[in-house]
Amino acid sequence: MKIAAIVPYSTVDELGRSSITFFTSGCNLDCQYCHNHRLISGSVGKEMTVDDILTVINDNARFITSVVISGGEPTLQPDLLDVVTAIKQRTKLRVYINSNGTRFDAIRDIAGMVDGISIDFKTMMPGVIPHYDSRTIETVIKSIRYIANEYRRRPTFKAEVRLTIAEPMIPLGMVPIIVMSLISWTYEGYLVIQEFDDENIRPEFKHLLKPIDIDRVVSMIRSIDTMPLYVIARTLANGIVLVQ
Ligand code: SF4
């Protein structure tokens with residue numbers, strides 16, 4: 001597996017858990033707000049064998065309860081299943097995957113092996129993000145439905161959908177549409193609303209992206225009746241806030 005970075009102790013990559021996080025190299029999208037844009041091309045990082053990865057995990061195992069594999073896009077790694085299988089067989093730790101959900105077959109193949117998957121839902125408007133066309137959006141929705149089913153089948157599985165709130169990808173008016181769509185897709189699980197942070201994004205995109213007041217987003221979600229989702233906001237000023 002090609003690893004671009006390792007964070008030995010993180011409390012933000014799996015909700016409610018302390019984790020070691022591996023950032024895989026390479027991504028099939030090119031989001032303007034990407035904080036990890038140096039990983040997109042796949043040229044940075046080094047190949048680590050399953051044993052290399054287990055050694056790093058074991059060196060940090062006293063401090064963590066979870067291993068997060070993030071990216072980049074981790075489902076692009078051909079040995080993802082082997083790595084996950086080895087961690088599950090040779091440690092007592094949870095395994096959690098952060099994905100953009102664009103590779104449905106990989107999500108389907110890995111879901112039964114891991115303890116949770118989070119999927120970034122980028123926008124409902126095709127073409128606003130390069131490579132995020134209508135077919136890709138359909139595939140991401142299929143992945144979201146799949147993790148919702150896994151959660152119903154196995155309630156210990158953590159399903160999470162993440163939205164980064166910034167124009168033009170997700171303007172304020174799109175938030176209730178996405179929430180109602182998630183409900184109509186029978187999604188159950190966590191919905192995490194992330195406040196846009198322009199630190200570490202590519203300078204040429206800064207003027208194109210507009211943050212949205214997170215308090216307005218929270219109020220809008222709280223006004224939706226009979227919300228079946230657990231909604232959390234990641235805010236810049238107050239950290240994690242329970243919305244619903
Ligand atoms: S999917 Fe994630 S890693 Fe890939 S370009 Fe978008 S934000 Fe960056």
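Two strands count as paired if DSSP finds at least two bridges between them; strands (E, at least two residues) and helices (H or I, at least four) are DSSP runs, numbered from the N terminus. By these terms, β10 and β11 form a hairpin with 3 residues between them. The pairing of β10 (residues 230-235) with β11 (residues 239-242) is antiparallel, over 4 bridges, and A233 has V241 in β11 as its bridge partner.

This is a predicted model: local features need pLDDT of at least 70, side-chain atom pairs count only at pLDDT 80 or more, and totals for chains, interfaces and linings use all residues. Residues are numbered from 1 along each chain as its sequence is written.

G189 sits in the loop between α5 (174-184) and β8 (190-195). G189 is buried because 24 other C-beta atoms lie within 10 Å (buried: 20 or more other C-beta atoms within 10 Å of its own, placed from the backbone). The C-alpha atoms of G189 and Y230 are 6.2 Å apart, with 41 residues separating the two along the chain.

The table lists contacts (C-beta atoms, placed from the backbone, within 7 Å).

| Residue | Contacts, leaving aside neighbours within four places in sequence |
|---|---|
| G189 | A148, Y151, A159, E160, L229 |
| I117 | I97, S99, I107, A111, I147, A159 |

Note on methods. Buried ≥ 20, exposed ≤ 12 C-beta atoms within 10 Å, placed from the backbone. Contact = placed C-beta atoms within 7 Å.
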